Amino acid sequence: MPRPILATVHLSALRHNLARARRAAPDARVWAVVKANAYGHGIERVFGALRAADGFALLDLAEAERLRALDWRGPILLLEGAFEARDLELCSRLNLWHVVHCEAQIDWLSRHKTQVPHRVFLKMNSGMNRLGFTPDAFRAAWTRLNALPQVDEISLMTHFSDADGPRFGADGISHQVQTFVAATHDLPGERSLCNSAATLRHALSVQLGQGAAAQALAADWVRPGIAVYGSAPDYPLHHPDEWDLRPTLTLASRLIAIQDVRAGDSVGYGSSYVAAGPMRIGIVACGYADGYPRHAPGSTQEGAPVLVRGVRTRLVGRVSMDMLAVDLTPVEAQGVPCALGDEVVLWGRSAHGPVLPIDEVARAAGTISYELMCAVAPRVPFALDDVEP
Ligand SMILES: *Cc1c(COP(=O)(O)O)cnc(C)c1O
């Protein structure tokens with residue numbers, strides 16, 4: 001029998017979440033963001049479920065090639081654009097739309113030989129200070145691009161740093177929206193501003209006529225990533241259920257040993273957990289070499305949540321490379337006896353029904369769902385599930 005760890009991608013949840021994002025911005029077209037191998041899910045695995053998207057956004061050219069190999073003929077957007085001049089050859093060959101965020105990329109375009117002009121998204125740095133032209137330099141960049149025969153339509157985009165929460169007491173996005181609108185209001189072209197958090201939190205309210213920058217926000221193209229993968233972009237402010245998002249990735253394994261320990265016994269490396277009284281400990285075939293976060297807490301005061309046979313309990317002791325330990329006492333106290341081979345859900349949906357949101361595990365481990373999804377290790381086998389919950 002293979003080692004009993006399995007990552008399962010839930011296709012119906014992907015379809016549901018994509019439709020959910022669309023509902024939040026019904027007049028916009030939707031880029032399904034599939035960078036980082038579809039947030040760790042696997043581009044080939046999610047593709048069929050997400051093909052109702054209007055386009056796919058990513059940044060790795062090899063991933064764009066994989067999408068074309070799946071016979072996706074629709075739009076693909078390279079979110080960071082070309083990394084060097086010859087990347088533009090692939091853009092021409094595969095008809096990739098690309099972001100232009102710096103002068104060097106315009107230089108490369110101006111020297112690029114192409115029969116078909118490129119569709120580009122000109123990016124503004126409206127305050128995040130990562131990629132893009134400053135508001136002052138934006139118009140000159142647009143004018144330069146607009147004069148190039150290599151360039152077809154120019155769309156305008158920016159990215160929010162604080163869409164998942166407030167910034168300095170304000171709503172997190174209006175300062176950037178205002179900057180963007182002020183610098184672009186008289187420029188033609190489609191707009192793209194919203195990631196998941198902005199789409200769910202702001203696009204609809206703006207459409208309903210509330211908030212500062214109506215047309216800009218819900219306009220043209222939204223770019224949801226994490227919401228498509230069923231995680232609340234603003235957890236713990238909102239729980240995924242509150243956004244009507246469903247988990248798309250389950251990491252599950254099984255009990256491979258059970259230990260009965262007495263008061264004073266320790267569990268795992270460094271003896272970081274010491275039992276206060278008699279308890280049953282389950283040993284699970286999952287460790288940090290599978291992508292489970294080593295810093296997930298397993299102390300007496302707090303333990304990262306897990307589901308054993310669908311019943312919630314917690315991690316005890318340190319996560320090791322291939323194993324971790326969980327407290328079976330609360331499970332058995334609920335009248336659910338535990339045995340070797342029992343299902344343990346590290347995050348996602350239990351075969352017994354209950355869901356453990358990846359957001360909760362991420363928070364316990366001091367990180368975010370994005371990182372956990374992306375970290376599932378290559379040694380973990382994947383399965384697809386297409387059953388409606
Ligand atoms: C990753 C990314 C997104 C998606 O962000 P989420 O928070 O996952 O919705 C959108 N736009 C850009 C430019 C990105 O890099």
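**Exercise 1: a stacked pair**

W347 counts as buried, at 0% relative accessibility; buried means under 20% relative accessible area with a 1.4 Å probe, protein chains only. The model is predicted, local features need pLDDT of at least 70, side-chain atom pairs count only at pLDDT 80 or more, and totals for chains, interfaces and linings use all residues. Residues are numbered from 1 along each chain as its sequence is written, and side-chain values use heavy atoms, without hydrogens and water.

Task: Classify the ring pair of W31 and F121.

Solution. Rings of Phe, Tyr and Trp (its six-membered ring) pair if their centres lie within 6.5 Å; planes under 30 degrees apart count as stacked, over 60 as edge-to-face and the rest as tilted. By this rule there are 11 aromatic pairs. The centres of W31 and F121 are 5.9 Å apart and the planes stand at 70 degrees, so the pair is edge-to-face. Both residues, W31 and F121, are buried.

Task: Classify the ring pair of Y292 and W347.

Solution. The centres of Y292 and W347 lie 6.4 Å apart with planes at 15 degrees, so this pair is stacked. Y292 is buried, with a relative accessible area of 1%.

Methods:
Buried < 20%, exposed > 50% of the residue type's maximum accessible area, 1.4 Å probe, protein only.
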